[in-house]
Amino acid sequence: MRDKPNRTNLMRVLYAMIFLTVCFSANAQEQRSSKTGALFTNPLFAGDYPDPSILRDGNDYYAVHSSFEYYPGLLIWHSTDLINWKPVVNALKTYVGSVWAPELTKYDGKYYIYFPADNKNYVITADNIEGPWTEPVLIDISMIDPGHVVDEEGNRYLYFSSGSYVPLTRDGLSVAGEPVHSYDGWEIPREWSIECFCMEGPKLFKRGEYYYLTVAEGGTAGPATGHMVISARTKSPLGPWENSPFNPILRATSNKDKWWSVGHGTVFDDTEGNWFMIFHGYENGFYNMGRQTMLVPVEWTKDGWYKIPDNIEIDQPMKLPGEANVSRRPDQLSDDFDGPELNPRWKFFGGFDANRFELENNSITIKGKGHAIADCSPMLCIPADHAYTAEVEMEIKDDAIGGLVLFYNRQASSGILADSKNILANLRGWQFATEPNAINRHVFLRLKSVDNTVDMFYSLDGAAWTKIENSFETMGYNHNVLSGFLSLRIGLCSIGDGEVTFKNFKYHSLSQK
């Protein structure tokens, strides 16, 4: 009987060893998982972030997008893990027109952004990514979508959507020769539903002995299946180019897909040798949000072509290589206007005038302009959700009209406004007093947007809210209906003679994307 406790103790020790082994194995597996990848779901930038250009600068990543008529423009974003991004600076303040498809690059210690605007090309430069950035320098070339590449001898070139390139001077501020046509693109099967051939967005990089060219074809909008990513390679940055056997690298195959018109890809690597592609696409059912930026890993074949891994679907959670932090803390749009500078996410439509507004006492006062939403140059920000509320406190001075609206362009907007005493509804330009004699120059306004239906509210104290009888629907506020490649944005309006003071702008998500 004396050996029974010994066997019991032995069994206890054995169970403890098994338990510790299991725990150690699970912990080791968890550590391996955290080092080999992180679960991520697109989009990377929710909302209107089209034509992404990305630069890896050591361990830092910087991104910039088309900024069109929204000024100050060319907002640069920063990340250290590819997933979480913070705004850095608006690089362009001087109005030069509608800014398309920029190219952010670094050469000889200096940062460059090349971009087209109104059928011209410009470049701005900075010694520090945070600025100051120079005034735009005009480049004497009329093609669009510049893509920068450097050869082994340090010679610089810009490719354009036509498949042509021009040599640049070493300082990158002017052309050094005539355009040369180099690439004809990839032939799209005639039976596919596309908007047009429309080759655009050339992006170039070198890996091993090859230079790789990534372009978009099929039209930026139109049918869901039109836009696509095409790849080619060469041993000289000047061509001739060989098309990839995996073309199209990426394309929507049906209008039932979640992401439509996917394209405008840029391929890049991280410091660990992992490769990715950043690109844009429209979301099915939320076309009015504009083109959203997405991310996908890419892999290399033995014969030197890149492709998207077979087990990856861009609309499903995916394991990314590296040690990216996928906490993705919400990028809060709420703003108490505590200054001294305007939050870089705010843009004025049609140009930027620093003398038009003043930040003080946790408020922004904007001088009135124009006679309606269309010509008041509203101050705009990008909603990131399918369902949300946006609200703001307003004080009306003199004969101004203030408003909280959803704005696509000068021809398409709707929202709730107020003059000195009346609550006004604006439905696609039809503006009228919906609550007469309801206020005395001070009011809180709210929009509630849920799956493209928008209700409007006002309050005298910011606590008790009254819904007005008028609502509107926003699904048609998109490029395929209105053109312009824009999106529906939240806008603060100051219209007419006088000024409007805005306080306590609050944005609250009501849904998870």
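Figure 1. At 3% relative accessibility, Arg 291 counts as buried, where buried means under 20% relative accessible area, exposed over 50% and partly exposed in between (1.4 Å probe, protein chains only). This is a predicted model, in which local features need pLDDT of at least 70 and side-chain atom pairs count only at pLDDT 80 or more, while totals for chains, interfaces and linings use all residues. Residues are numbered from 1 along each chain as its sequence is written, and side-chain values use heavy atoms, with hydrogens and water left out. The structure holds 13 salt bridges, a salt bridge being a side-chain nitrogen of Lys or Arg within 4 Å of a carboxyl oxygen of Asp or Glu. In one of them Asp 51 is joined to Arg 291, with 3.4 Å between the closest N and O atoms. Asp 51 belongs to the loop between strand E1 (38-40) and strand E2 (53-57), and Arg 291 to the loop between strand E21 (275-283) and strand E22 (292-300), so the pair ties together parts that are 240 residues apart in sequence. Helices (H or I, at least four residues) and strands (E, at least two) are DSSP runs, numbered from the N terminus. Asp 51 is also buried, with a relative accessible area of 5%.

**Figure 2. The salt bridge between Glu 103 and Lys 203****.** The closest N and O atoms of Glu 103 and Lys 203 are 2.9 Å apart. Because Glu 103 lies in strand E7 and Lys 203 in strand E15 (residues 200-207), the pair ties together parts that are 100 residues apart in sequence. Both Glu 103 and Lys 203 are buried.

**Figure 3. A network of salt bridges.** Asp 310 forms a salt bridge with Lys 307, and their closest N and O atoms are 3.0 Å apart. Salt bridges that share partners join Glu 299, Lys 307 and Asp 310 into one network. Asp 310 is exposed, at a relative accessible area of 69%, whereas Lys 307 is buried, at 12%.

**Figure 4. Aromatic pairs.** A search of the whole structure finds 36 aromatic pairs; rings of Phe, Tyr and Trp (its six-membered ring) pair if their centres lie within 6.5 Å, and planes under 30 degrees apart count as stacked, over 60 as edge-to-face and the rest as tilted. The rings of Trp 100 and Phe 485 have centres 5.8 Å apart and planes at 75°, so this pair is edge-to-face. Trp 100 is partly exposed, with a relative accessible area of 33%. Tyr 388 and Tyr 507 form a stacked pair, at 5.2 Å centre to centre and 25° between the planes. This pair links distant parts of the chain, with Tyr 388 in strand E29 (residues 387-409) and Tyr 507 in strand E36, 119 residues apart. Tyr 388 counts as buried at 5% relative accessibility, and Tyr 507 counts as buried at 9%.

**Figure 5. An open sheet of four strands****.** The strands run in the order E7-E8-E9-E10 with antiparallel pairing; two strands pair if DSSP finds at least two bridges between them. E7 and strand E10 (137-139) are the edge strands, each pairing on one side only. Five bridges connect E7 with strand E8 (residues 110-117) in the antiparallel sense. Lys 106 stands opposite Tyr 111 in E8.
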